[in-house]
Amino acid sequence: MSEHYAIPNSLLPKSNTFVNLYEVDSLNVGISNFEIYLSNEPEVIAARQRIYNDILMNPKLIELLEKLEEKVINVAELQKKTGTEYDTETLLYAILDMRLFCDTISFVKSELSPFVEQRQITSPELIRFVDACCEFERGEQYREAFNWLNRLNDNLNLIKSVTLGANLDSQLKIREIGIVSINMQPYVSKKFMDSIFRDENVPDEYKCIASLGIHETKSMLGHKSVSVNNELFSAMNTCYRSLFKHMRKDLIDSFKDQIIAVSGILDDLDFIIRSSKYLRMISAAGGKLTFPEIADTTEIRGLYLPQLLSRLRREQIVENDVKINDDNRCFFLTGPNNGGKSVYLNSIGIAQLMFQLGLPIPAEAGKMQIFDTIATLYVHDTKHINEGRLADEVQRLKACLDCLKGRSLLLLDETFSGTSAFDGVFLAESLVKYLYKNGICMYYITHFHELTQKIAELNADGSNIIMLTAENADGRRTYKIVPWSGSVTETSLAKDIVIDHGLGFLFE
């Protein structure tokens, strides 16, 4: 097969390296099995963005890709058969199933190529696949095989009956059964009645002297009907074997690489369809999506958590901004309970994952940097039978830090909250100093408001640890994440907790 006809075996460009992950499943991204598609290569992310932009701009395209997926699933099943020997009925089935592959190529030519011709598909990867299928479809070898399959299929569809002969022994017992002829007319019984009431003249070879009867045949065969059918197909295969052998090498062996290539896009198609449905769900609920620019820093405007769209109207969701650069990359985040801290943390993590998948992110606009590692360390609501909560946190923290490779984003939610405030503050200080020294980008939700008094001390050595807080305006949560103003009451949770538990009257 000419290399010019080679069909790509993927639709999504892949990375040569993997993004390191730790416990990102805690973010509940909304797209299953996405991890293998994460990329830390700018050109791969940019190429993915072009694909998803085509899909978002052309809603009809995703419907066609869903239909293509159905056909490719059938081709993939066919591909599993191509490695076997075709000495029995398998060859007959394989020849017939080759139509599935031809139907797939024809579908791409008739349904997807118009999108390329009208420049509604701009992604080089999709264009390359469509063009290769169309080029292959125009090839002389394919056309000959396609026409042969049509003729063969027409002939096989014309088979209405098989004449079986039985050799008998001296006692008139059946010694051997064989195919006498393969006919394009069904046999008929009760020839006297048929000759009276049928207008057409039935050729003698289709007239049955005496029928066993349909019900009698089924009763006689019983559970053996499958075996009998298999043997019949095997015998029919023998009848067609010379014809099959003539086309076998050109038809099956020459198409094998193309079948494997088409089968190879199945996983990509599945992921594209699942992720596109996720994006459509966001858009249908009124969520804004934007493709961020690939940059060395992160600046996102109007970021929100897409999961909120399932229970809130779009106008009820509070947006926040995010800025991360070399000078501003380590953040403490504190404030009242249920003030939006965890939502903010999750929205950052999900946006980063979506960005490095090549998807648009839930935001108004932005530019984003690429990370080699994305990790989360949230509190686990588990019972610690043999060891305490702190020991569990320390073990998970050790595994998390071992995972951090290259440029890393680490999201921490109340780490060290399983110990006393005195010990927790000391451990948090030590952790943040370590992360800053090693160039880690970090967001750390903490209820240790004592840390706010240590910001100046932490930054005395040249560090730049930034304190953020969930805004509380006159006792009302705004769900906005803002810079800490320096007020101790802004981060104290005591009054907030007391009010939440029904003792607000103490302050009246």
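The points below go through selected salt bridges one at a time.

1. The model is a predicted one, and a search of the whole structure finds 14 salt bridges.

2. Arg396 forms a salt bridge with Glu23, and the closest N and O atoms of the two are 2.8 Å apart. Because Arg396 lies in helix H11 (residues 389-403) while Glu23 belongs to the loop between strand E1 (20-22) and helix H1 (42-57), the pair ties together parts that are 373 residues apart in sequence. Arg396 counts as buried, since its relative accessibility of 8% falls under the 20% cut-off.

3. A second pair to look at is Glu66 and Arg280, whose salt bridge has its closest N and O atoms 3.7 Å apart. Glu66 is in helix H2 (residues 59-81) and Arg280 in helix H9 (residues 266-284), so this pair ties together parts that are 214 residues apart in sequence. Glu66 is partly exposed at a relative accessible area of 23%, and Arg280 is also partly exposed, at 36%.

4. Lys454 forms a salt bridge with Glu429, with 3.8 Å between the closest N and O atoms. This pair links distant parts of the chain, with Lys454 in the loop between strand E11 (441-445) and helix H13 (455-458) and Glu429 in helix H12 (residues 421-437), 25 residues apart. Lys454 counts as partly exposed at 24% relative accessibility, whereas Glu429, at 10%, counts as buried.

5. Finally, salt bridges that share partners join Glu23, Asp392 and Arg396 into one network.

Conventions:
Residues numbered from 1 in each chain as written. Predicted model: local features only at pLDDT ≥ 70, side-chain atom pairs only at ≥ 80, totals over all residues. Heavy atoms only, no water. Salt bridge = Lys/Arg side-chain N within 4 Å of Asp/Glu carboxyl O. Helix = DSSP H or I, 4+ residues; strand = E, 2+ residues; numbered from the N terminus. Buried < 20%, exposed > 50% of the residue type's maximum accessible area, 1.4 Å probe, protein only.
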